[in-house]
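User: I'd like to learn how to read a few features in a structure like this one. Could you take me through them step by step?

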Amino acid sequence: MERKLQTPTNRFKQAMAQRQAQIGLWLGLADAYSAEILAGTGYDWLLVDGEHAPNDLRSILHQLQAIASATSALPPGAQPPHPVARVPVGDTALIKQFLDLGVQTLLVPMVDTAEQAQQLVRATRYAPEGVRGMGSALARASRWQAHPRYVHEANAQICCLVQAETVTAMQNLDAIATTPGVDGVFIGPADLSASMGHPGNPMHPDVQAMIAQAIARILKAGKAPGILSTSEAQARQWLAAGARFVAVGADTIVLVNGATQLLKTFRADTSAQGSSSY
């Protein structure tokens, strides 16, 4: 009997539309093994970073496969986290390749205008709504056409997230957020702080005020605000402000912090032993 599969529903997009906050973790180690480990910990979404991590299409594919395999590590009935992939740049051809890998949710950096946002939306949609190339027979996204209606149903399941991270983007934020097809706007605190003249200081009061205003403006536009925060206090602050997709840490930072704390524990023990021997 021929098996007919349904095009997967984008659970992440659905949850945000229902105003459910989604808690995520940034993946920068560019490794499928670590991605598989973290996929079993219960986050709502994991961001596979193609901009600042040493990833390529192959390594991103392997991480997508690893995340999808994590069902066996989760409680019965639980689903693995939703993979979000960040492209290095909003290039139409590159976006096509990411989508064909099976990415349903894209994060695109450095979007400064509504015109850019509109172009990106079109890059994620098949015609007549967009310009995504037809090639589903070769694509993991359609399970090599095991999802027979993929090209008819894919557009509705794509989630397009754009990053507003410059003063120019803040000036155009209302137009960017109201662009049809843009599902969410992610605020980049580090780049925004640099653009505002405070490089390396996203905690500057002016930057913090700008972020708070931006979240309110994105919500007013009826879209989902997002942000990355590596401190609990900041993450809780932005969740309380209405951010709907919040990354609360990064695998690189978790690894460094955990290893550092573990070493401190034993360094303290050995120092105490050395002192007591005199």
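Analyst: Happy to! Keep in mind that this is a predicted model. Let's begin with contacts. Contact means heavy atoms within 4.5 Å. Take Pro80: leaving aside its neighbours within four places in sequence, Pro80 is in contact with Arg11, Ile67, Ala68, Ala70, Thr71 and Leu74.

User: Where does Pro80 sit, and is Pro80 buried or exposed?

Analyst: Pro80 lies in the loop between α3 and β3 (82–86). For burial, the cut-off is under 20% relative accessible area. Pro80 has a relative accessible area of 14%, so Pro80 is buried.

User: How far is Pro80 from Ala127 in sequence and in space?

Analyst: In sequence, Pro80 and Ala127 are 47 residues apart, and from C-alpha to C-alpha they are 31 Å apart in space.

User: Ala127 makes me curious about its peptide bond. What kind of bond joins Ala127 and Pro128?

Analyst: The angle to read here is omega. Between Ala127 and Pro128 omega is about 10°, and the peptide bond is cis. To find Pro128 on your screen, go to the loop between α5 (114–123) and α6 (150–157).

User: Next, backbone phi. Which residues should I look at?

Analyst: Ala30 is not a glycine, yet its phi is positive, near 55°. Ala30 belongs to the loop between β1 (22–27) and α2. Met110 is another non-glycine residue with a positive phi, of about 55°. You will find Met110 in the loop between β4 (105–108) and α5.

User: How accessible is Met110?

Analyst: Its relative accessibility is 34%, so Met110 counts as partly exposed.

User: Now helix packing. How do I describe the way α2 and α3 pack?

Analyst: Start with the angle and the distance between the axes. Helix α2 (residues 32–39) packs with helix α3 (residues 57–68) at an angle of about 30°, and their axes are 8 Å apart. Angles under 35 degrees count as roughly parallel, and α2 and α3 are therefore roughly parallel to each other. Their crossing is right-handed.

User: Which residues of α2 and α3 meet?

Analyst: From α2 come Ala32, Ala35, Glu36 and Ala39, and they meet His62, Gln63, Ala66 and Ile67 in α3. By type, the residues of this contact are 5 nonpolar, 2 polar and 1 charged.

User: What do I find for α10 and α11?

Analyst: Helix α10 (residues 205–220) and helix α11 (residues 232–241) cross at roughly 35°, and their axes come within 10 Å. The crossing of α10 and α11 is right-handed. On the α10 side are Gln208, Ile211, Ala212, Ile215 and Leu219, which meet Gln234, Gln237, Trp238 and Ala241 in α11. The residues of this contact divide into 6 nonpolar, 3 polar and no charged.

User: Are Cys159 and Cys160 buried or exposed?

Analyst: Cys159 has 0% relative accessibility, so Cys159 counts as buried. Cys160 is buried too, with a relative accessible area of 1%.

Methods
Residues are numbered from 1 along each chain as its sequence is written. This is a predicted model: local features need pLDDT of at least 70, side-chain atom pairs count only at pLDDT 80 or more; totals for chains, interfaces and linings use all residues. Side-chain values use heavy atoms; hydrogens and water are left out. Axes are lines fitted to C-alpha atoms, for helices over the stretch in contact, and angles run from 0 to 180 degrees between N-to-C directions. Helices (H or I, at least four residues) and strands (E, at least two) are DSSP runs, numbered from the N terminus. Angles under 35 degrees count as roughly parallel, over 145 as roughly antiparallel, 65 to 115 as roughly perpendicular and the rest as oblique. A crossing is left-handed if the near helix is turned anticlockwise from the far one by less than a right angle, and right-handed if clockwise. Ala, Val, Leu, Ile, Met, Phe, Trp, Tyr, Cys and Pro count as nonpolar, Asp, Glu, Lys and Arg as charged, and the others, Gly among them, as polar. Buried means under 20% relative accessible area, exposed over 50%, partly exposed in between (1.4 Å probe, protein chains only).
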